[in-house]
Amino acid sequence: MGVALLVLAIVIGVPIVVLVVPALRRAILSRPLLKVFRRVLPQMSDTERDALEAGTVWWEGELFRGNPQWGTLAAYPRPVLTAREQAFMDREVEIVCAMVDDWDVTQHRFDLPENVWTYLKQNGFLGMIIPESHGGLGFSAFAHSQVVTKLSTRSSALSVSVMVPNSLGPAELLLHYGTDAQKAHYLPRLARGDDVPAFALTSPWAGSDAAAIPDRGVVCRGMWQGQDVLGMRVSWDKRYITLAPVCTLLGLAFRLYDPDHLLGEIDDIGITCALVPHDHPGVETGRRHFPLNAMFMNGPTHGRDVFMPLDFIIGGPARAGHGWRMLMECLAAGRSISLPSSNTGMCVLTARAVGAYARVRTQFRLPVGKFEGVEEALTRIAGHTYMMDAARVMTAGGLDQGAKPSVVSAIVKYHITERARQVVNDGMDVIGGKGICLGPANFLGRAYQQLPIGITVEGANILTRSLIIFGQGAIRCHPYVLKEMQAARDADHERGLIAFDDAFWSHVRFIFGNAGRAFGRAVTGARLVTVAADVDPGMKRYYQQLSRMSAGFAVAADVAMLVLGGELKRREKLSARLGDVLSQMYLISCTLKRFEDEGRQQADAALVHWSVQDALMRAQTAFEGVLANFPNRLAAGMLRLIALPGGAFAAPPSDALGHDVARQLMTPGGTRDRLTATCFLPDSDRDPVGAIEAAFLAAIACEPLDAKVRAIEKRGEMAGSPLNNVRDATQAAYAAGGLTEDEYAQLKNRDILRDRVIAVDDFPFDYGRAIAEEPLARTANG
C-alpha cells in the first residue's frame with residue numbers, strides 16, 4: 001500500500017512540481033515548446049510586423065478575451081461637441097450645405113463651385129484636425145465625424161473634399177512626425193487652405209498590397225536652389241489619389257534605396273514618405289478619374305527621376321525608411337472616421353427622406369409604407385442606420401480618448417460600408433421609378449451610383465473581411481499571442497525563453513478558463529451572467545448573450561490558431577467568418593452603448609431590439625459557418641459541444657418588431673429626429689429633400705381630411721362629379737360643400753407638394769447636347 005501511494009504521489013506530484021516551479025517548467029517543457037514554436041511560426045516581413053503592431057487595442061480586446069467587462073464599456077464617456085464645435089455645425093456647416101446643389105456639381109460643373117471652395121478654405125474646413133496653435137480649428141475626432149456625416153447628406157463631392165485633408169495625409173503625418181520646421185511652414189498653410197493636400201500611396205501594381213509599392217527613390221547628390229545637396233531621385237506612378245488633380249502639396253510614399261551608401265550601410269532603406277509641392281519640377285498632376293459620377297477630385301500623379309532634397313522627407317532624413325510604420329500608426333484614425341462617417345451620412349439621408357416618401361406616396365389610397373413589403377425595407381433602413389451611427393459615434397469617441405484601434409477601424413470601415421449598400425438599395429426599392437431616373441429631383445440616385453466607391457477604397461472590403469479583421473485581430477487583440485511571437489523572435493534566447501514561458505502558460509490557463517466559461521454560459525443560456533454595470537433592464541439580456549458569444553468566440557479563435565497554425569492565414573473564408581463574429585459583437589456593443597448614452601429613450605427601444613437581434617443572428621450564422629467548415633472535424637465537434645451544446649440560441653427579429661421600427665421612420669417625433677439628427681434639411685420646398693419634408697408634414701396633417709373626403713364619397717354626396725383621379729375627390733367634396741375653404745386649401749397645398757415629390761425629371765431628346773462633346777476619357781494608348 002505504501003509503495004502504491006508513493007508511486008501515485010510521484011505520478012501526480014512530479015508534473016505539478018514541474019508546472020509550478022518556473023525553472024523546471026522552462027527547462028523541461030517551455031524550452032522544447034519554444035523550439036517547435038519558432039520552427040512553425042510563419043515568416044513575417046518588417047511591413048507585416050509594423051501593420052500588426054500598429055495602433056492600440058481598445059474595446060475589441062475585451063470582446064476577444066471572452067469575458068467582457070461591461071463596466072468598462074459603460075465608463076467610456078459619451079462624445080459631445082464643445083460649444084465652439086456645435087456653433088460650427090449650426091452655422092458654417094449649414095451654410096456650406098445650402099451653397100451646394102449636387103445636380104449642378106455632378107452634371108454641369110463637374111466640381112464644387114469656386115465660392116464653395118473659397119468658403120471651405122476660409123472657414124477652416126480643410127484644417128479641422130490641425131491645432132489652433134498652428135492656425136487650425138483643433139476639433140475633436142467626434143466633431144470631425146459629425147461634420148463629414150452632415151456634409152455627406154448633401155453631396156459626396158463636398159464631404160470628400162473636406163474629409164480627405166483631415167484624414168490620413170500630410171496634415172496628420174506632419175502632426176505626428178514632422179520636423180518643427182515642416183510643421184511651422186506647412187500646417188498654417190494647410191489650415192488656411194493656402195495648400196490643398198493629397199496623399200499618394202496606391203500604385204497600379206500595388207493596390208491592396210500597398211506595402212509592395214514599386215515606386216522608388218535612390219539617394220544621390222544633385223542641385224537644389226543653386227547648391228549641390230544630398231537628396232533622392234524619385235520615380236512614381238500613382239492612381240486613385242483623391243484631391244491629386246487640385247492639390248498644391250503632394251504627400252508621396254515610395255521605397256527608398258541607397259546603393260552608394262550615402263546615408264549608411266543599408267541598401268534598401270524602406271518605405272519613405274515625403275512632401276512635394278505640386279509645381280516642383282517633374283511632378284505631374286491635373287488629370288482626373290471619373291469615379292461613378294462622383295465629382296470629388298480624384299486622379300493619377302506621375303514623376304520620373306524627380307530630384308528632391310532629403311528635407312522633403314516627412315520628419316527629415318532621420319525618418320527615411322519609417323514610412324510604413326508612420327502610415328500604419330496613423331491609419332486607424334482616418335479609416336475610423338472618413339468612410340464610416342460619409343456612408344452613415346448617406347444612410348441618414350436615406351432614412352429621413354425615404355421614410356417620409358413612404359408616407360407621402362400613396363397607392364390604392366394607402367401610403368406605400370403601410371404595405372408589408374415596403375415596411376420590411378423601411379425596417380432594415382432604420383435598424384441598420386441606428387447601428388451604423390452608434391458604431392460611428394462610439395469609435396470617434398474612442399479616438400478622442402487616445403485609442404488608435406486598428407482592428408476596430410477595419411470593422412467599422414467594412415461593416416458600415418456594407419450596411420450602407422443594403423440601406424441605399426432598400427431606399428431605391430421603395431422610391432422605385434423616381435430613383436432610377438437621374439435629375440435635379442432625384443435625391444438618392446447619385447448615392448446609389450457611388451456605393452461601390454466606399455466598398456473599394458481604404459482597403460477593399462473583400463480583403464478587409466477575409467484577411468484583416470480576424471487576421472490582425474487574432475494577434476493584436478489576443479492577450480498572449482503577440483507576446484509569444486515577440487518572445488520567439490527575441491535575439492536573446494534566454495530572455496525570449498522567460499517571456500515565452502510566462503506568455504505560453506498564461507495562454508494555456510486562458511484557453512481552459514474560456515472553455516469552461518463558454519460551456520457554462522451555453523448550458524445555462526447565460527442567464528447567470530452578472531452584468532457589472534447599470535444598464536437598462538430591458539437590454540440586460542443582450543449583455544448576457546454577448547458575454548456568452550464572447551467566450552465561445554475566444555475558444556474558437558484559440559482552437560483555430562492552435563489546430564491550423566500558419567495555414568489559418570490561407571483559410572480566408574474561415575478567417576472572414578471569425579472576423580464576422582468579432583465585428584457583430586463590436587457593433588452590438590456600440591448599439592447598447594448608444595441607447596444608454598442617449599438616456600435610455602424608450603421610444604427608440606424598438607430600433608435597439610431589432611438591430612441587436614439582427615446582429616446576434618448574423619454572428620450566430622457566422623459561428624455556425626466556422627463549425628460547419630472547420631477542416632478538423634474532431635476540433636469542430638469539440639467546439640460545438642462547448643459553445644453550442646443546445647444548438648442555435650439567437651432568432652431573427654419578429655415581423656411585429658419590424659412593424660414598430662418601420663413606423664418610426666414614417667412618424668414625426670423624437671425617434672425619427674434622433675435617428676437623422678445629422679441630416680441637412682433645406683428650408684426650401686423647391687429643394688428635393690426640402691420638398692419631401694414639407695410634403696411629409698402636409699400629408700400627415702391632411703390625413704383626417706382625407707378620411708373626411710372618403711366618408712363624403714361613401715355617402716354618395718359627390719354624385720354627378722366625375723372622378724378621373726384621386727385628386728378629383730378633393731374638388732368634388734369641396735364642390736359638394738363637404739370641405740371648408742381652409743380645408744380645401746390645405747388639401748390643395750398638400751397635393752402640390754406631393755406632386756413635386758413624386759415628379760420625375762425629363763429632358764430634351766438629346767439631353768440638351770446638340771453638339772457632340774470632345775471625349776473626356778483617354779485610353780491606355782493615349
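I call a residue buried when its relative accessible area is under 20% and exposed when that area is over 50%, with partly exposed in between. I am working on a predicted model here, so everything below is read from computed coordinates.

**Entry 1**

I started with W59, which is buried, its relative accessible area being 0%. I then looked up its ring partner and found Y76, in an edge-to-face pair with 6.3 Å centre to centre and 90 degrees between the planes. Which parts does this pair tie together? W59 belongs to helix 4 (residues 59–65) and Y76 to the loop between helix 5 (70–75) and helix 6 (83–99), so the pair links parts that are 17 residues apart in sequence. Y76 has a relative accessible area of 18%, and I put it down as buried because the cut-off is under 20%.

Next I turned to F364 and F371. Their ring centres are 6.2 Å apart and their planes stand at 70 degrees, so this pair is edge-to-face.

**Entry 1: charges over rings**

I looked for arginines sitting over rings and wrote down two. R548 lies over the face of F649, 4.1 Å from the ring centre. R594 has its charged end over the ring of Y386, at 4.1 Å from the centre.

I located R594 in helix 22 (residues 572–597), and it counts as buried at 7% relative accessibility. What does R594 touch, leaving out residues up to four places away in sequence? I listed T385, Y386, D389, A390, R674 and L675.

I checked helix 23 (residues 605–629) against helix 24 (residues 633–643). Their axes come within 8 Å and cross at roughly 145 degrees. On the helix 23 side, the contact is made by F623, E624, L627, A628 and N629. Helix 24 contributes R633, A636, L639, R640 and A643. I sorted the residues of this contact into six nonpolar, one polar and three charged.

**Entry 2: an enclosed helix**

How many of the residues of helix 19 are buried? I found six of the eight in helix 19 (residues 481–488), so this helix is largely enclosed by the rest of the structure. The buried ones are V481, L482, E484, M485, A487 and A488.

**Entry 3: N442 in its loop**

I found N442 in the loop between helix 16 (433–436) and helix 17 (445–456). N442 is buried, with 11% relative accessible area. Which backbone oxygen does its side chain reach? The side chain of N442 reaches that of K434, at 3.1 Å. Setting aside neighbours within four places in sequence, I listed K434, G435, I436, C437 and D761 as the contacts of N442.

I placed L126 in the loop between helix 8 (114–122) and helix 9 (141–152). At 3% relative accessible area, L126 is buried. I then compared sequence and space for L126 and V196: they are 70 residues apart in sequence, yet 7.9 Å apart in space, C-alpha to C-alpha. V196 is also one of the residues that L126 touches, not counting residues up to four places away in sequence.

**Entry 4: positive phi values**

I finished with two backbone angles. L243 is not a glycine, but its phi is positive at about 75 degrees. L243 lies in the loop between strand 3 (227–242) and strand 4 (249–257), and it is buried with a relative accessible area of 1%.

N293, also not a glycine, has a positive phi of about 65 degrees. I found N293 in the loop between strand 5 (268–277) and strand 6 (298–309). Is N293 buried or exposed? N293 counts as buried at 19% relative accessibility, because the cut-off is under 20%.

Conventions: Residues numbered from 1 in each chain as written. Predicted model: local features only at pLDDT ≥ 70, side-chain atom pairs only at ≥ 80, totals over all residues. Heavy atoms only, no water. Axes fitted to C-alpha atoms, helices over the stretch in contact; angles between N-to-C directions. Helix = DSSP H or I, 4+ residues; strand = E, 2+ residues; numbered from the N terminus. Contact = heavy atoms within 4.5 Å. Nonpolar A, V, L, I, M, F, W, Y, C, P; charged D, E, K, R; others polar. Buried < 20%, exposed > 50% of the residue type's maximum accessible area, 1.4 Å probe, protein only. Polar contact = N/O pair within 3.5 Å; in protein donor to acceptor, adjacent residues only side chain to side chain. Phe/Tyr/Trp six-rings, centres within 6.5 Å; stacked < 30°, edge-to-face > 60°. Lys NZ or Arg CZ within 6 Å of the ring centre and 35° of its normal.
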